[in-house]
Amino acid sequence: MKLLRVGTEGSERPALLDADGALRDLSGVVPDIDGALLADDAALERVRAAADAGDLPLLDATGLRIGPPLGRIGKIVCIGLNYHDHARETGAEPPSEPVMFMKAPDTVVGPNDTVLVPRASRKTDWEVELAVVIGRTARYLESVEDGLAHVAGYAVAHDVSEREFQIERGGTWDKGKNCETFNPLGPWLVTADEVADPQDLALKLWVNGELKQDGTTAEQIFPVGEVVRYLSQFMTLYPGDVINTGTPAGVALGAPEPKPFLRAGDVVELEIEGLGRQRQEFKDA
Ligand code: ZN
């Protein structure tokens with residue numbers, strides 16, 4: 001299923017994108033798309049049955065804002081340098097263990113919302129990422145298969161990053177990752193049953209129409225199931241938590257000088273095979 005949330009910021013209602021690409025209202029079936037729903041098999045089954053029966057009300061998509069596909073996100077854990085090609089372009093050795101940092105849930109905006117270039121920023125950069133949404137409480141998992149079994153679904157994430165704040169202003173990376181609006185998410189959450197192989201998805205990102213990132217999750221150093229297993233040794237992952245699993249090559253940081261960092265007026269579009277597309281216009285904070 002493709003689950004989403006539509007409406008003005010803070011007042012989104014749950015919706016479903018049906019097999020014909022039409023928007024259906026879910027607010028009569030579930031209160032929201034969140035961790036509580038993803039952990040509730042009976043509620044998910046009610047949604048599925050209503051969708052299959054075709055009796056969910058149609059929503060007029062005209063002018064309707066798409067919000068982030070998940071409410072009440074507990075935490076966002078990010079994996080750095082998780083693609084062989086991206087590690088090469090940044091001159092970093094492939095890490096022997098996953099590199100981890102945190103992003104605050106309040107950085108999340110809708111997939112087509114405005115993104116703000118922070119004040120004093122000179123190095124705002126883009127990163128298309130496969131986001132993993134947790135559906136079962138995960139602690140001390142023992143296998144990659146078990147890691148995958150705790151995944152409820154997938155979405156497109158934009159891990160917007162300020163490289164000077166991240167790297168040149170003193171630790172930690174979090175400083176360049178938590179600026180307001182720095183985590184567009186969506187358009188929809190695709191349930192795991194509709195993603196045949198999370199390690200075989202094409203990821204693309206364009207800046208002002210020019211293709212900058214053209215990667216595949218097959219390049220991930222630590223695959224999704226291993227990332228979930230690994231993280232669960234250090235923290236408990238709860239339903240509705242999000243993991244941004246790293247970005248492929250093609251970011252501004254990896255480009256020759258002068259590096260093409262983002263400025264107000266730039267338009268970034270990103271897409272992951274089967275998970276939809278985002279478009280953000282950048283403005284000054
Ligand atoms: Zn990232």
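Predicted model: local features only at pLDDT ≥ 70, side-chain atom pairs only at ≥ 80, totals over all residues.
Arg 122 and Glu 164 join their side chains in a salt bridge, with N and O 3.0 Å apart; the term stands for a side-chain nitrogen of Lys or Arg within 4 Å of a carboxyl oxygen of Asp or Glu. Arg 122 sits in the loop between strand E7 (115-117) and strand E8 (124-125), while Glu 164 belongs to helix H5 (residues 163-168), so the pair ties together parts that are 42 residues apart in sequence. Helices (H or I, at least four residues) and strands (E, at least two) are DSSP runs, numbered from the N terminus. Arg 122 is exposed, with a relative accessible area of 57%, whereas Glu 164 counts as buried at 12%. Here buried means under 20% relative accessible area, exposed means over 50%, and partly exposed lies in between, using a 1.4 Å probe and protein chains only.

Residues are numbered from 1 along each chain as its sequence is written, and side-chain values use heavy atoms, leaving out hydrogens and water.

Let us stay with helix H5. Glu 168 and Lys 123 form a salt bridge, at 2.7 Å from N to O. Glu 168 lies in helix H5 and Lys 123 in the loop between E7 and E8, so this pair ties together parts that are 45 residues apart in sequence. Both residues are partly exposed: Glu 168 has a relative accessible area of 47%, and Lys 123 has 22%.

Another salt bridge joins Asp 125 to Arg 163, with the closest N and O atoms 2.7 Å apart. This pair links distant parts of the chain, 38 residues apart, with Asp 125 in strand E8 and Arg 163 in helix H5. Asp 125 is buried, with a relative accessible area of 0%, and Arg 163 is buried at 3%. Side chains of opposite charge can pair when their charged atoms come close. The count of salt bridges comes to 24. Elsewhere, a network of salt bridges links Arg 5, Glu 12, Asp 32, Asp 34, Arg 65, Arg 72 and Asp 113.

Now follow the chain to the zinc ion. Its protein donors are Glu 127 (OE), Glu 129 (OE) and Asp 159 (OD), at 1.9 to 2.0 Å. Donors are N, O and S atoms within 2.8 Å of the metal (3.2 Å for Na, K and Ca); water is not among the atoms, so sites may look incomplete. Along the sequence, the donor residues follow the spacing E-x1-E-x29-D. Glu 127 and Glu 129 are both buried.

Two strands pair if DSSP finds at least two bridges between them. Ala 131 stands opposite Ala 155 in E10 and opposite Asn 244 in E16.

Next comes a hairpin. Strand E14 (residues 202-207) runs antiparallel to strand E15 (residues 210-216), and 6 bridges join them. Val 207 stands opposite Glu 210 in E15. The hairpin has 2 residues between its strands, and Asn 208 takes a positive phi near 50°.

Finally, step back to the whole chain. It is divided into domain 1 (2-53) and domain 2 (76-284), with bounds from an automatic or database domain assignment. Their centres, taken over C-alpha atoms, are 24 Å apart. The contact between them takes 10 residues from domain 1 and 15 residues from domain 2, where contact means heavy atoms within 4.5 Å.

Leu 56 is found in the loop between helix H2 (41-53) and strand E4 (76-80). Leu 56 is buried, with a relative accessible area of 6%. Not counting residues up to four places away in sequence, Leu 56 touches Arg 24, Asp 25, Leu 26, Val 29, Ala 50 and Ala 51.
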